[in-house]
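Hello,

Here is the structure I promised to pass on. My notes on the ligand site follow below.

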Amino acid sequence: LSCVLKTIPAPASAEHALEWKPASSLLPDELRDLGIRALIRDDAEATALASSDFGNMSLHVDLPAAVLYPSCPGDIAALLRASCARASPFPVSARGCGHSIRGQASAPGAVVVDMPSLGRLAGGSASRLSVSVDGRYIDAGGEQLWVDVLHASIAHGLTPRSWTDYLHLTVGGTLSNAGISGQAYRHGPQISNVQELDVITGTGEMVTCSKKKHADLFDAVLGGLGQFGVITRARIPLVPAPARARWVRLLYTDAAALTKDQERLIDVEIGAGALSGLMDYVEGSVLADQGLAGSWRSSFFSDADAARVAAIAEEAGGVLYCLDGALYYGGAGGESDVGKRLELLVHELRYARGFAFVQDVSYVGFLDRVRGGELKLRAAGLWDVPHPWLNLFLPRSRVLDFAAGVFHGILRRGDTGAMGPVLIYPMNRNWWDSRASAVFPEEEEVFYTVGILRSAAPTSLDGGQLLRRLEEQNEEILRFCEDAGIGCVQYLPYYADQADWKKKHFGPTKWAKFVDRKRKYDPKAILSRGQRIFTSPL
Ligand code: FAD
């Protein structure tokens, strides 16, 4: 190993320094003989932390045997080669920040790679973020947070184009899924905004790949759920950054009016309508009558507004919709026409008159908008609660059937009193590459994402009861789609076993390709077993 081995610091989220204990006999002998032994811990605190995730439904997760804190990509390659060389290999999972919901980044009884330590042990984040102003790209370590990618780029007046709503996620973690937000309609998901990757495959091989070089591995890894390799670097294209965002929220009393307007805004084909592409960011959400003003992801309404909003929601039968949009300006976004663009939009869109809300914020503040809500929830002790989130992609033609059955039906029943945002917004399919591993509805030009992002924080029910009720509702939603023939797929998917992955997620053609790639890049099925896709060598 060429890396300098250092004493391992406590994991970032541990509150106090931990006493180092040597790796126990649980670890395969080969691990002890590797040069990386000093980077491995198997004490209770390290393994507990590495098995936790944002879903906080620990029933799903068993402890790993050990955690590797790599100081450089070579440490990860050494671990994977050691596993691969064994007659019975031990599984290995990369863990970004563990923002998964159901143990996807875990490695029960095996080894978790704590990706953030790549930045920490390499001498701080900055050393793994490098902007090329002439080349208009940033090279970011797979463990880096998108918020740090933003700040490093903005320092040069540049920015990536495609984001997630929440920026404290790792580059490798979102690229293993798709990485979506309100910019995806015009620039594609994050997986469509990558030029090159450094990947360590399941055999421990370190490969640089792109659309021109090792293109099949590049496509496999993007949206590949960690199955084909560990991403240790991504090259992300940059464009000149705007300075500010005019952030707009418009209320709608029915889903048809909302989706019609959203689709007018995202219709960016040549010759499309007057509103197409006017907004730089288009999302939407459902405000059910509970917690109307309390959406933690953004607080838009004053107390007086909240009362008006509650009144119109009641008139609308308890369910209200929002169109969320943003227009960038200033800096590279130009100064002049933001007022005119906004005027045109507010005039043309069919929202409930009198219910347009506008804020003016910095571009960076807009992109990092969810962080404030996170800090508030943390302060209230409501962040580390169970999160039985359900994210779906739906074909455009069935979105109103879904709204009728789910927003006005299933979610209104059951008296859960559960809080949490419900997102709904469309994306253009032509920005999604069907050669990448990510699964999305391919049959229509436009598909919707729906995110039902609820917390099981104890309310009138105790936490455990509430969690069960929310899980039952999620199952009811999936059954409803199946019975109604709504061809949806899960985003950030979870299936209990391979048969479900094959039948419900991939379908025969995509599954055959997925298996073929697994055979090529991780034939012993070492990587990301927490996804429950492959449990034994192929
Ligand atoms: P982890 O949860 O640690 O890992 C996820 C999977 O990727 C695991 O299978 C893991 O083994 C694998 N993995 C991790 N790192 C690597 C790597 N370097 N190389 C290969 N495989 C790797 N998603 C969106 O698209 N849009 C959003 O707006 C959005 N908002 C979110 C808001 C919150 C509050 C949360 C908790 C999640 C949100 N997500 C969103 C979901 C997020 O994209 C996923 O949780 C994703 O997995 C990133 O989390 P992570 O970096 O912590 O990865």
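**The ligand and its shell**

The shell around the ligand takes at least three residues from each of domain 1 (121-240) and domain 3 (385-494); these bounds come from an automatic or database domain assignment. The model is predicted, so local features need pLDDT of at least 70, side-chain atom pairs count only at pLDDT 80 or more, and totals for chains, interfaces and linings use all residues. Residues are numbered from 1 along each chain as its sequence is written, and side-chain values use heavy atoms, with hydrogens and water left out.

There are 34 residues around the ligand (a heavy atom within 4 Å). A94, G96, S100, T170 and Y491 come nearest. By type, the shell holds 15 nonpolar, 17 polar and two charged residues. Gly counts as polar here.

Now the polar contacts (N or O atoms within 3.5 Å). I231 places a polar backbone atom 2.8 Å from a ligand nitrogen. The side chain of S176 has an N or O atom 3.2 Å from a nitrogen atom of the ligand. For Q531, a polar side-chain atom lies 2.9 Å from a ligand oxygen.

The protein buries 97% of the 950 Å² that the ligand exposes when taken alone (Shrake-Rupley method, 1.4 Å probe).

Best wishes

Terms used. A polar contact is a pair of N or O atoms within 3.5 Å; within protein, one must be able to donate a hydrogen and the other to accept it, and residues adjacent in sequence count only if both atoms are side-chain atoms.
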